[in-house]
Amino acid sequence: MSQRNTIDGAHDVTQAWFSPPADRRSLLDRAHRGDIVGALGRVRSADTGPRRRYRRRVAAFLAIMGPGVIVLAADNDAGGIATYAQAGQDYGLRFLWLLVVMAGVLLVNQEMVGRLGAVTGAGHARLIHERFGRRWGAFALGDLLILNFLVIVTEFIGVALSLGYFGVTRYISVPLAALALIAFPLAGRFRRWERAMYLLVAASFIAVPLLMLVHHSVHPIPAVAALGHRVPGSTVLMVVALAGTTVAPWQLFFQQSNVVDKRITARWLPYERADTVAGTLLFALGAVAILVTCALAFSATPLHGAFTDASTVASELRDRAGPWAGALFAMALLNGSLLGAAAVTLSSSYAIGDVTGTKHSLHRTWRDAPKFHGSYAALVVLAATIVLIPKAPLGIVTTGVQALAGVLLPSALVFLLLLCNDRAVLGPWVNSRWLNAIAASVVAVLLVLSGLLTISTLFPHAQTGGPHTAILVTAAGILGMLFGLRLPRHDTTATPDGDVPGKPIWTMPPIETLPAPLRSPARTIALVTLRAYLLLAATAIMIKIARLIAAS
Amino acid sequence: MRRSSPGTPASGPPLSETVAERLADAMFALSTPSRVLILGCLLEGPRPVGDLTSLLGMEQSSVSHQLRVLRDHALVRAERVGRQRVYALHDEHVIALLQAGLRHVGEQGQAVTAADEDASSAS
C-alpha cells in the first residue's frame, strides 16, 4: 500500500486500514487461504485498501479474473458445439434468440454461485449438505457425479471425432488427451493451471475466423428469412437440448469451488462479478458463431435438417466452404472438448473433497492431496476407457446427456435459489427481490420445458409444439416471478438489506454453528414434489434413449 | 529442499518450506472451535460419533464432517470396535500438542492423565 492512498481519501483509508481481510471461517483447506495468485497477477491477502485509480482496478481485475471466464468458455464444450451446430444446420437462425436468453440465465446463475463461494468459503456440495440435510446432499452429489461422468465421456467423444477428422485414430488421440488433462493440475500451482486454461480459452476464439470464412465462401448468402424452415423432428427436444447444454449443474459446483480455491473473498466480489460478465460474453460469442456458421453453410441445401454428428458437420463444412472451414470447426471442437473435460472433471474432484473433508486445492501437489488428484485422474481414465470401447452409440449418448442435464438442472437451481435467500449463509449478501424474481421464473420455465420433453418422450404422438407451448412457458415464467417476489427471505429483521457497514468483510460464521434453516411446509412440499417429478422425467429420458438405440 | 545447518545463517531458514507447509496444515485443522471441542472430548479417551454428538450438542453430520477433516490431517484415527466406529487421537504427539496448547492459553486439561492411560493401553 502506497502513501498515495492516504492522500486519495482519508475517510476510506481509515476504514480500510482497520478492516481486517475477510476471513472465511468455513474453509476446509488451508490452501484456500492466502494471496490470490492468478494467471495474470497477484493480490495480497493483506491488501484491504481502496482502489481509486483506474490502473490499479484493472490490475486487480486481471488477477482475480478466471473462475467465471473459464467456466463459461468451457460451456462451449463438445456437447455444446454439437448442439449449436445441430440447431444451426436443422433450424437455421430460429434458435439464435434462445442463445441470448441462455447467456442471461448463465449470468444470473453464475453470479449467485460466485457470491456463495466468496462469502461462505464453502463449496456448493457442502452447503447443500449442511442446509438441506444428508439425503439432499447425497442426492445432489450423486446427480452431479453421474451427470459429470457422462459429460466427460462426451468430451472424449469430441476429442475422438475432432482428431479423427485429421485422420488420427481414437486409440491415439483419446489416451493423449487423457494424459494432457491429468497433467493440467498436477504441478500443484494454481497459477500454472490457470495459465493452461487461459491458453484453451484463447483458442476458443477459433469460432470467429470460422464464421468469417464461411460467410465469405458461401454464395449466395441466403436471406435471413429463409434460414428458419420448419423441419421434421421435435422442436421441444431441441429447445431442451440447447438449454441443457448451456446450463449444467457442474458449472455451479465448479465456479463456487474455484472461487474458494482462488481465495477470492467478499471484498473482491465486484471484480468476480465482472469476471462472470466477461465469461458470459465469451460464451455468447462462441455459441452464436458456431450456430450462425452452420445456419449459413447449410440452409437452402439438402443438408438442411439432416444433422447427424459433429464430425459430419466438419466434413460437410469442408465440402461447402473449403478445407480450412472443416479444419477450423474440428479444432474448435477439440478445444472445447479439452476445456470442458478439464473443468467438468475438476468440479467432481472439488465436490468430493468438499463433502469428504479431504484436502482439495489446485495449490496442492499430488503428494499433498492424493485423493483430490487421484479422483481427478481416475475419472479421466475411466471416461477415456469407455470411449475406446468399439461400436458404442456415441452420437446418441451426446444428445441424451444434454437432455438429462436439462431435466436435472431445475433441482440444482432450486437449491441455489434457496441458498441465496438463506440469511444465515449470506447475511447482507442475500439475493435482492428482483434477482429472486428473475431466477425463480427461470426455474419455472426450465421445469415446464423439462415437463414437455417428458410428455413428448412418453407419448410421441402428442402435440407439444405450437402456441400452447409458448403460452404455457410464459405462464410458468410469470408464476415463477411472482413466487420469487414472495420468497421468504429468512429473518429479515436480523440484518437490513443493501449496503450495510462491514458488508465487504462479512463472512459466514463457521457452518456448523449456523441456526437450522427455517423449515416451512411450503419449502418441504416444493422440494419433495420437485424430486418426484425429476425422477419421473429422468426415467422418461432413459426410455427415449433406449428406444433410439433400439431403433438404430 | 534446504537443509538446516546451525551457525551459518546465510544458508537459509532452519525449516524447509515443505515442513512449514505441513505444520501450518496441522495447525489449520485446529483453527475452528468445533474441531478443537471434538479433540478435547477425545483427550478423555476414544469415543464413537454418537457420544461426541451428545456431548457437544452438534448435528451428527457436522461432527462426522469435522472428524473427516481431522482424519485427513492425521490428528484423529478411526477404529472398528465390533459394529461401531470409534475415533481416537492419532498418536501421543497430538495429545502433547493439545496439552501444550491448553497450557498456552492458561487452561489445564482435567482429564489429561486419563487420556495418557488410554493411549498407553491402546498401544
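This is a predicted model: local features need pLDDT of at least 70, side-chain atom pairs count only at pLDDT 80 or more; totals for chains, interfaces and linings use all residues.
How many Å should the 13 residues of helix H4 (residues 60-72) of chain B span at 1.5 Å a residue? Residues are numbered from 1 along each chain as its sequence is written, and chains are lettered from A, with ligands numbered from 1, in the order in which they are written.

Now the answer: H4(B) should span 18 Å, and its end C-alpha atoms are 18 Å apart, so the two agree. The expected span here is 1.5 Å times one less than the number of residues in the helix. Helices are DSSP runs of H or I with at least four residues, strands are runs of E with at least two, and both are numbered from the N terminus.

Let's stay with chain B for a moment. It has six helices and three strands, and from the N terminus on they run α-α-β-α-α-β-β-α-α. Of its 123 residues, 21% count as buried. A residue is called buried if 20 or more other C-beta atoms lie within 10 Å of its own, exposed if 12 or fewer do, and partly exposed in between, with the C-beta atoms placed from the backbone. In H4(B), the buried residues are B:Ser62, B:Val63, B:His65, B:Gln66, B:Leu67, B:Val69, B:Leu70 and B:Asp72. Their cover includes helices H1 (17-29), H2 (33-42) and H3 (49-56), plus strands S2 (76-81) and S3 (84-89), of chain B.

Just past the end of H4(B) sits B:Ala74, in the loop between H4 and S2 of chain B. B:Ala74 counts as partly exposed because it has 15 C-beta neighbours inside 10 Å.

H4(B) also matters when you look at where the chains meet. Thirteen residues of chain B are in contact with eleven residues of chain A, where contact means that two C-beta atoms, placed from the backbone, lie within 7 Å. On the side of chain B that touches chain A, H1 and H4 of chain B each supply at least two residues. The largest share of that side, seven residues, comes from H4(B).

Over to chain A, which has 21 helices and two strands. Of its 552 residues, 53% count as buried. Residues 24 or more positions apart account for 87% of the contacts in chain A with a separation of 6 or more; the corresponding share in chain B is 51%.

What about the nonpolar core? The term means a set of buried Ala, Val, Leu, Ile, Met, Phe, Trp, Tyr and Cys residues joined through C-beta atoms within 7 Å. The largest one has 173 residues, and those with the most contacts inside it are A:Ile64, A:Phe156, A:Leu210, A:Leu291, A:Phe329, A:Leu416 and A:Val443. Take A:Leu210: leaving aside neighbours within four places in sequence, A:Leu210 is in contact with A:Ala289, A:Thr293, A:Ala325, A:Leu328, A:Phe329 and A:Ala332. Apart from this core lies another, of 20 residues, among them B:Ile38, B:Leu42, B:Val76 and B:Ile95.

Next, a pair of packed helices. The axes of helix H6 (residues 96-120) and helix H13 (residues 269-298) of chain A come within 9 Å and cross at roughly 155 degrees. Axes are lines fitted to C-alpha atoms, for helices over the stretch in contact, and angles run from 0 to 180 degrees between N-to-C directions. H6(A) and H13(A) are therefore roughly antiparallel to each other, a label for angles over 145 degrees, with under 35 counting as roughly parallel, 65 to 115 as roughly perpendicular and the rest as oblique. Among the residues that meet are A:Leu99, A:Ala103 and A:Leu107 in H6(A) and A:Thr276, A:Ala284 and A:Leu291 in H13(A).

One last stop is A:Arg263, in the loop between helix H12 (249-261) and H13 of chain A. A:Arg263 has a positive phi of about 70 degrees although it is not a glycine. With 26 C-beta neighbours inside 10 Å, A:Arg263 counts as buried.
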